[in-house]
Amino acid sequence: MDIKAYIKSKFPEGYTPLYIAKDILSGVIVALISIPISMGYAQIAGLPMIYGLYGSLFPILIFGILTTSYDFVFGVDAAPAALTGASIAALGIASGSEEAVRAVPVLTILVSLWLLLFYFLNAGRAVKYISVPVMGGFITGICLEIISMQIPKLWGGSPGTGELPELIIHMIKELSSFNALSLILGLITIAIILVFRRLIPKLPMSVIMLVIGGILNVSFHLEDHGVKLLPEAASGLPLPKLLHIDYTILPELSFSALTIALVIMSETLLASRSNAIEDGYDLKPKREVLAYSLANFVAGVFGCCPVNASVSRTTIVRQFGGRSQIMSIFASISMIFILIFCTNFIPLLPVPILTAIIISALISACEFELAHRLKNSSRSDFIIFMSACVGVLLFGTVYGVVIGVLLSFFAVIREAVNPPRTFVGVRPGHEGIYSLKAHKDARPIQGTVIYRFGGNLFFANIDTFVNDIEKVIDEHTRVVIIYASGINNVDITATDRVMALYKNLRKRDILFYIAENDGIVNGELRRYGAGELIDEGVVQNDIEKIFDMIKLKNPYPLAEENPYFQNIEKES
């Protein structure tokens, strides 16, 4: 391996040593923010909270070394943690028990093996075919779901799991633990972070509020007023664990691991690819899946639950100018320092303030701006966005992606069946031909129909093609010209219908021509038995040549407007 090329690939174009300080700061912030996030999600996964910090140590380092993403953060996060907790509960294993501590690492190792299989199958390339609306809706749904999980912690309750209906029920139940001071602290923290993020975006307000929360607790003993604090955590670095495999539950764990692996691959690739597109570089999906696999393997070795990308922590990194995986290295180093020297300070931190920091980051990660753009520009893309988002909230991560992808395919099919098309004519005083719908001064040429079709002709749209032409023909029509620059392919059904149209028009003494088509189409016409169209001169490369053949010269005689010209549904 070329070491220089590898090192160069780890930094974006234009990266200078001046950015290193920002990456170091971002790494320290990631480690600090990971304290409440990772500990909370470890508990959701059925493990003691300290394993959340372990999952934010070596896995993030392995990912940072292997990934082709410049700024994505890996660690213990919501979706795999929630799925792990649900899987353990379904097996009758109590959360936080010794049995859970033995079972979860086995599940994590199985997840890493499924991801390794996905790597060899190059399954990550499928994400390239997922559209921006699907990615945006998916990410927004994930963020809103995690926010819904965290909301009860603002007033002193416990975090929820599951999808939105279960989370709403959980919120209502947790109102029994309501503490007004906790909620006030949380809401004020969210407001301060969001306001300062808009006014002074580079100010590390999340860390400042973390420090303020500790000071408030030391000064006013918030626990005496019902405000929850983070639990105590043992100091010291983790040691590798010997796996204890219960073969009676191995089949169930293997199936759960497959689901979690699919979630990790889809969620992380979608989110990281979205950032890569925004920043203008290419993500290598296959290499990414290998990074996910090895990071999870290391997590399992140290007894952790499955790990994946953290949208909330990545958003914070981007806010503070992190631009390379130096950030991940220093996040790992900082977590080592925290585990050795700083675990005594963890119990001083108020849960509602830390929860508010997480929620603030997730609010910023939501693609609300994209949703607004889609609503104003493309109704179908907006529906796809909302469907992916709602799908995640109601049915879970995997189903949200499936719903979005299916809708994207339906949109592609719809576009192919109903492609851009229009009738064209001329504009007095201008050269060339113009859409009769787009240009108010454009007029059809007398006795001549020129029809531009902006898609491949096949069995599902040939009726639209023929019906458009038939509707516009009247007693004055002498020539029909298909402007075929947008037709790059025809199938046998479309070929037969075009031949039938040609013969029908010839019986009515109407000339029929195809102009500006791709040479590939000529070969397909011959292959499907329509070679006579080429042999008889119906197919021509240049529309001007057809004008010469029918003795049509500029200035062209203009016809009265045909109302149907203005009623074509789609225009190229």
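Visitor: Are F453 and F465 buried or exposed?
Guide: Both are buried. Buried means under 20% relative accessible area, exposed over 50%, and partly exposed in between, with a 1.4 Å probe and protein chains only.

Visitor: What kind of model is this?
Guide: A predicted one, where local features need pLDDT of at least 70, side-chain atom pairs count only at pLDDT 80 or more, and totals for chains, interfaces and linings use all residues. Residues are numbered from 1 along each chain as its sequence is written, and side-chain values use heavy atoms, with hydrogens and water left out.

Visitor: How many aromatic pairs are there?
Guide: The structure holds 18. Rings of Phe, Tyr and Trp (its six-membered ring) pair if their centres lie within 6.5 Å; planes under 30 degrees apart are stacked, over 60 edge-to-face, and the rest tilted.

Visitor: Why is the pair of Y119 and F120 edge-to-face?
Guide: The planes stand at 65°, with the ring centres 5.1 Å apart, so the pair is edge-to-face. F120 is exposed, at 60% relative accessible area.

Visitor: Back to F453 and F465. What is the angle between the planes?
Guide: It is 85°, and the centres are 5.3 Å apart, in an edge-to-face pair. F453 lies in strand β5 (residues 448-453) and F465 in helix α19 (residues 462-472), so the pair ties together parts twelve residues apart in sequence. Helices (H or I, at least four residues) and strands (E, at least two) are DSSP runs, numbered from the N terminus.

Visitor: Which residues make up the cluster linked by ring pairs?
Guide: F423, Y451, F453 and F465.

Visitor: New topic. Which residues touch the most other members in the largest nonpolar core?
Guide: Y41, L53, L115, Y292 and I357, in a core of 107 residues. A nonpolar core is a set of buried Ala, Val, Leu, Ile, Met, Phe, Trp, Tyr and Cys residues joined through side-chain atoms within 4.5 Å. Apart from this core lies another of 34 residues, F423 and L457 among them.

Visitor: And what does I357 touch?
Guide: Leaving out residues up to four places away in sequence, I357 touches I33, T189, I193, S206, M209 and L210. Contact means heavy atoms within 4.5 Å.

Visitor: Where is F368?
Guide: F368 is in helix α16. Its relative accessible area is 46%, so F368 is partly exposed.

Visitor: How far apart are F368 and G136 in space?
Guide: They are 8.6 Å apart, C-alpha to C-alpha, and 232 residues apart in sequence. Beyond its neighbours within four places in sequence, F368 is in contact with T140, L144 and I363.
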